[in-house]
Amino acid sequence: MRQEMVQREEAELRRSHQKPRSPEGWGLLLVLWYLAFYKPIITESHLRRKNIEFIFIRFSAWQYAGCDKLWAGLVTTLCDSIRHHFGALPLSVYHVMGTRPRFASGFSQKEWVLKTGTCLKLWGMLFVLGAGVTILLVALLVPGIKDHHALKVVGSAVTSLSGSGLALGAFSILKNLLISEKQKIERLTNSEKFTSQLGFMSKVRNEVEVLVDFLSFMEIFERRRLRVVLEITSLDICYPEKVAGVLNAMNTLLSEANTPFIFILAVDPSVIVPCLEQTGCMKGLADNGYLYLNRTVTLPFSIPEMGARSRLRFLEAAIQTREDLMYRIITSNVERRRAKCQAVPAVPSREEADAEAVRCIHEAFRCLHDSTDPLARYLPTSGAHVRRIVNTIPITLRLLLHRSGTPGTPSPRAAAAWVVLADQWPCRLSWALQCLEDAWQSRPTTDFGTRSLWSIFQENVGE
């Protein structure tokens, strides 16, 4: 999407020779000027623009899983991210003085029209304020007129009325600057009358509509199309009611035809569908979660399984998170200590045992990371499983070294293969071990130490 954005920007610049604007620096003063005194017009030339800017917003449902209104977290994240992207001042001014964009009448290419009414009101208010200040100064300073109390009252009244209008507008802008849309929605959800407040969703929808109109305004100002991309993740580890709430919030935000929102829903349908079928939102859909998702998602697609190269990169990233497995640093320190020692003690020291453990651990990871080793093909594609393997192999090897008594006895590759086997097929492995234990208990004199797991599996596969 970012590559598409850059390509479209370059193509539009070659076509129209108009550079896009940004609400930063001098652009901030310009956008405030347009907000105060001009109406935006959607023209044919604007509709022909193909350049686009994606505003990416990440929403992890797990971060809001503890609250009662998970869907409200989605709306507040949307409002807060847009506020941070464009700045609080332009959005606050738009709340007070902004005008909703309207379509041009005919084939006019004029994108900005002066607000005649606003300008007349402002100039009239400034004129009345100047007249009131002049009358008040004359009544206070000019000799012979100081004694006229009525003139002072008139000057004070005119000044107060005209100044209060300007102060009220400034106060409204300051209020919206200090109190964000996120705080407004949080205040509504925290209200004790939340459950009985019939107009709650209407108020939330009004806030979203203001954001949509503001984005339309900024599209015309920046000379590009704007799309807000919400990446929703971790929804498949939340409670069923929270899952249905987020999907309902998506449908509410997308209920209008021209909303500039794109939702990327990264979920496992096999987990989401049972969650939906447990809630009351399936009434009328024959309790079919797939039918509900089919009506909600407009472009379903599946990501293919992780390839061998990606799995190896994922494994390497997981290994690098383990600070205690920095092989180069540890082994270099151990070799320095060994070089200083003239005699090797009969019993290995604690440092040598740790060094041997680190060597075995890295040998096991090298076997997993070697693309030519068949063991690498069995790496899982799940991030949680890879991290679990990375955390289990060091513990397994250290326990084996501790129990063997002599360093180097266990094979690092065998230990790594055992951990991968236990992670991929935990039930079958436990079952095979149980069969081995039952056979040993029935015939304790038989040597089962040389038996392979595959032979045990073949003997008992009928069960």
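1. Two strands count as paired if DSSP finds at least two bridges between them. Helices (H or I, at least four residues) and strands (E, at least two) are DSSP runs, numbered from the N terminus. By that rule, β2 and strand β5 (residues 225–233) run parallel and are joined by nine bridges. Within this pairing, E53 has L226 of β5 as its bridge partner.

2. A word on the basis. This is a predicted model, in which local features need pLDDT of at least 70, side-chain atom pairs count only at pLDDT 80 or more, and totals for chains, interfaces and linings use all residues. Residues are numbered from 1 along each chain as its sequence is written, and side-chain values use heavy atoms, with hydrogens and water left out.

3. The β2–β5 pairing belongs to an open sheet of three strands, ordered β2-β5-β6 and paired in parallel. β2 (52–60) and β6 (261–265) are at the edges; each has a single partner strand, so one side of each lacks a neighbour in the sheet. From one strand to the next, the twist averages 20°.

4. Helix α10 (residues 240–253) lies across β5 and β6 and runs at about 155° to β6. For such angles, axes are lines fitted to C-alpha atoms, for helices over the stretch in contact, and values run from 0 to 180 degrees between N-to-C directions. Contact means heavy atoms within 4.5 Å.

5. β1 has two pairings to check. Strand β1 (residues 38–42) pairs with strand β4 (residues 112–114) in the antiparallel sense, over three bridges. Here K39 has V113 of β4 as its bridge partner. β1 also runs parallel to strand β3 (residues 102–103), through two bridges. I42 is bridged to F103 of β3.

6. Helix α11 (residues 269–277) packs on helix α12 (residues 289–296) at about 105°, with axes 8 Å apart. The two are therefore roughly perpendicular (under 35 degrees counts as roughly parallel, over 145 as roughly antiparallel, 65 to 115 as roughly perpendicular, the rest as oblique). Residues in the contact include I272, V273 and L276 of α11 and Y290, Y292 and L293 of α12.

7. Helix α15 (residues 350–369) and helix α17 (residues 412–424) pack at about 65°, their axes 8 Å apart. On the α15 side the contact is made by C360, E363, A364, C367 and L368; α17 supplies P412, R413, A416 and V420.
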